[in-house]
Amino acid sequence: MKLIPVDLNSFLEEEDGGSTNSEFDDLNKRILACRRCDLHLTVTNKVISKGSNHPKVVFIGEAPGKNEDETGVPFCGRAGKLLDKMINYMEMKDGDWAVINTLKCRPPENRTPTTKEIEICRPFLTEQLHLMNPTVIILLGNTAEKAFGESVGWGELKKTKDGKMLLKIFHPAAMIYKREREQEQYAFLDKYKYLWTE
């Protein structure tokens, strides 16, 4: 089942100087209170975001893993160390980036999120992107691509209808098991470095 692409223009509120902390606080409270699917029954912590509230670049991952579920912090395990390495390589400052996931709750045994779970959690993803208002959205793997609803090839750059630059690269976890992908991943980052350094 193909999801309709995320439409950040669906939010009709006028922005005046960017989103406020209270808007983020309200969204975070609604995520923490969410009971829309059964995943909330098995989680320790919901995992919302890491990084800036007003980034130039947003990375979208798949779902929290064991370490993330324990801490409530996205990408804090082995894959997170690889993502940190990538961010350092990209020469971005702390205020330039943020990391979010398609799901805010860990699926049992780290299984791949179902289409239904992605659909249920998707309004939160869309609202996060709207409030953060990045210029570049980096999809970390196939699940992020599915949740965003745009078909993008590996290392392909695409402009969305609302003017965001969309890039799909490998999820850092993929490089744990297939180290040969690391060279290709960094080639993607080199190719599009101008997006976040200019």
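Colleague: What makes residues 21-33 helix α1?

Modeller: Helices are DSSP runs of H or I with at least four residues, strands are runs of E with at least two, and both are numbered from the N terminus. α1 has 13 residues. The expected span is 1.5 Å times one less than the number of residues. From first C-alpha to last, α1 reaches 18 Å, close to the 18 Å expected. Note that this is a predicted model: local features need pLDDT of at least 70, side-chain atom pairs count only at pLDDT 80 or more, and totals for chains, interfaces and linings use all residues. Residues are numbered from 1 along each chain as its sequence is written, and side-chain values use heavy atoms, with hydrogens and water left out.

Colleague: Which residues of α1 are buried?

Modeller: Phe24, Leu27 and Ile31. Buried means under 20% relative accessible area, exposed over 50%, and partly exposed in between, with a 1.4 Å probe and protein chains only.

Colleague: Why do you say that the buried residues of α1 line one face?

Modeller: Seen down the helix axis, they fall within an arc of 65°, so they line one face of α1. The arc is that of the directions from the axis to the C-beta atoms. An α-helix has 3.6 residues a turn, so residues three or four places apart point the same way. Turned away from the buried side of α1 are the exposed residues Asn21, Lys29 and Ala33.

Colleague: What do the buried residues of α1 pack against?

Modeller: They pack against α4, residues 115-132. Glutamine 128 is found in α4. Among its contacts beyond four places in sequence is Leu27, a buried residue of α1. Contact means heavy atoms within 4.5 Å. Ile48, Ser49, Ile100 and Lys104 are also in contact with glutamine 128.

Colleague: Why is glutamine 128 called buried?

Modeller: Its relative accessible area is 3%. The cut-off is under 20%, so glutamine 128 counts as buried. Of the 198 residues of the protein chain, 52% count as buried.

Colleague: How do you know whether the radius of gyration of the protein chain agrees with a compact globule?

Modeller: The radius is taken over C-alpha atoms, and the globule rule is 2.2 Å times the number of residues to the power 0.38. For 198 residues that rule gives a value near 16 Å. The protein chain has 16 Å, so the two agree. Its C-alpha atoms fill a box of roughly 40 × 40 × 35 Å along the principal axes.
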